[in-house]
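Here is a short report for a reader new to this structure. Look at the sequence and the 3D view before reading on.

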Amino acid sequence: MKAGKLDCWPSYRLACLPSSEKPDIVRRMIIVMANSKGGVGKSTLAVHLVTWLHEQGQTVILADCDAQRSSSDWIKEAAPEIKTVRLNGPDDILNKPPRLGREADYVVADGPGSNNEMSRALLLKGDLAIVPCKASMLEVRALSQATALLKQARDIRGGPPKAKVVLSMVGKNYRLTQDMKDAAKALRLSLVDTPMTLRQVYADAPGQATVVWRMGIRAKDATKEIERLFRELLPDVASRKSATHAGERQAPAKKRRA
Ligand SMILES: Nc1ncnc2c1ncn2[C@@H]1O[C@H](COP(=O)(O)OP(=O)(O)O)[C@@H](O)[C@H]1O
Ligand SMILES: [Mg+2]
C-alpha cells in the first residue's frame, strides 16, 4: 500500500483494524514523561494522556517505569481496558518498548522521579519527551539539570527525541514570561502554550479512580484545559478524530474502595 494513500485513510478505518494488520506506515509513537525531578506532574499527565488517546480511538499501552507504580495502579481502576506494563529496569526499557510499539499506536511511558539509568534508557527509546515543569523561574532554571539526560540522548541519537515542556501546577494569575520562554529555548526545548493549572480536581482524580473529564461540572475548566493541551502536543491525533466521546464523559467517577 502506498504511503500517500494511507495519509488519506480516515482514523476510524485504521482504528477498526487489529493492530497486527495496521500498515507499518501508520505513525506509532513512544511518548515518555521526562523530568528527573519528582512531584512535577508526570504521572498525572501520563494517565490523562493515555486515557485521552484511548478515547480518541487509538490503541495505547501505558508503560509504568516508576517503582512507586502510581500510574499503573491509577489506570487499572480508571480505565481497566487499557493495557498496562510495568518496566522494572533499564534493560527492560531498552528491550521492551520497540515490541510494545508494534502492538499499539502510542506507548505512553511514565518516567521515574530519580533513577537516572531508567530515565536515560527511556530517552534513548522515546520519540517524544514531554517534560512537565513547575512554573517558576527557579524550576525552569533547574531544567538544565533535569534535562541533562535528554541532551545526552539527543547527542547519541543525533536528534531525537523531540521534547516539549509543559508548565504544570501553574497558579491562576500566572503569565508566561519571556524569561521562561528564553530559558526553555536555550535548552532547545519548546514550551507549549497551554499550561496545566494548579487545580484541586487533578489532585483528587487518582483518589476517585478517574480522570478529570469524568468528574462533572467542577472539572469543566480542567477538562477544557487538558484537551487543549493534548491537541497542542499531538495535533495529528486531534485532527484525525473530531467527535469526542460525549457519552463517556458523563460516566460518574468511581469511588475508591476504603
Ligand atoms: N495540575 C495540578 N494541580 C494540582 N495538583 C496536581 C496537579 N498535577 C499534579 N498534582 C498533584 O501533585 C502531586 C505530584 O504529581 P505527580 O503526577 O504524582 O508527579 P510526578 O509523577 O512527577 O511525581 C500529586 O499529588 C498530584 O495529584
Ligand atoms: Mg510519578
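## Terms and model

A crossing of two helices is called right-handed if the near helix is turned clockwise from the far one by less than a right angle, and left-handed if it is turned anticlockwise. The model described here is predicted.

## α3 against α4

α3 passes α4 in a crossing of the right-handed kind. α3 and helix α4 (residues 70–78) pack at an angle of about 35°. Their axes lie 9 Å apart.

Which residues of α3 meet α4? They are Ser43, Ala46, Val47, Val50 and Thr51. On the α4 side, the partners are Ser70, Ser71, Trp74, Ile75 and Ala78. By class, this contact of α3 with α4 has six nonpolar and four polar residues, and no charged ones.

## The ligand shell

α3 (42–55) also takes part in the shell around ligand 1. Here α3 gives the largest share, three residues. Helix α10 (200–204), like α3, supplies at least two residues of the shell.

There are 16 residues around ligand 1. Lys42, Ser43, Thr44, Tyr202 and Ala203 come nearest. By class, the shell has six nonpolar, eight polar and two charged residues.

Seven strands form an open sheet. The pairing is parallel, and the order is β3-β2-β4-β1-β5-β6-β7. At the edges are β3 (83–86) and β7 (190–191), each of which pairs on one side only.

How many bridges join β1 and β5? Strand β1 (residues 29–33) pairs with strand β5 (residues 128–134) over three bridges, in the parallel sense. Ile31 has Leu128 of β5 as its bridge partner.

## α5 against α6

Two packed helices are described by the angle between their axes and the distance between the axes. For helix α5 (residues 90–103) and α6, the angle is about 15° and the axes are 8 Å apart. α5 and α6 are therefore roughly parallel to each other, as angles under 35 degrees count as roughly parallel. Their crossing is right-handed.

From α5, the contact is made by Pro90, Ile93, Leu94 and Pro97. From α6 come Glu117, Met118, Ala121, Leu122, Leu124 and Lys125. The residues of this contact of α5 with α6 divide into eight nonpolar and two charged, with no polar ones.

## α6 against α8

Helix α6 (residues 116–125) also packs against helix α8 (residues 148–157). The angle is about 40°, and the axes are 9 Å apart. That makes α6 oblique to α8. The crossing of α6 and α8 is right-handed.

In α6, the residues that meet α8 are Asn116, Ser119, Arg120, Leu123 and Leu124. In α8, they are Leu149, Leu150, Gln152, Ala153, Ile156 and Arg157. The contact of α6 with α8 divides into six nonpolar, three polar and two charged residues. Leu124 is listed in the contact with α8, and Leu124 is listed in the contact with α5 too.

## Two backbone details

Which peptide bond is cis? The bond from Pro160 to Pro161 is, with omega near 0°. Pro161 is found in the loop between α8 and β6 (162–168).

Met169 is found in the loop between β6 and α9 (178–186). Phi of Met169 is near 55°, a positive value in a residue other than glycine.

Notes
Residues are numbered from 1 along each chain as its sequence is written. Chains are lettered from A and ligands numbered from 1 in the order in which they are written. This is a predicted model: local features need pLDDT of at least 70, side-chain atom pairs count only at pLDDT 80 or more; totals for chains, interfaces and linings use all residues. Two strands pair if DSSP finds at least two bridges between them. Helices (H or I, at least four residues) and strands (E, at least two) are DSSP runs, numbered from the N terminus. A residue is near a molecule or strand if its C-beta atom, placed from the backbone, lies within 6 Å of it. Ala, Val, Leu, Ile, Met, Phe, Trp, Tyr, Cys and Pro count as nonpolar, Asp, Glu, Lys and Arg as charged, and the others, Gly among them, as polar. Axes are lines fitted to C-alpha atoms, for helices over the stretch in contact, and angles run from 0 to 180 degrees between N-to-C directions. Angles under 35 degrees count as roughly parallel, over 145 as roughly antiparallel, 65 to 115 as roughly perpendicular and the rest as oblique. Two residues are in contact if their C-beta atoms, placed from the backbone, lie within 7 Å.
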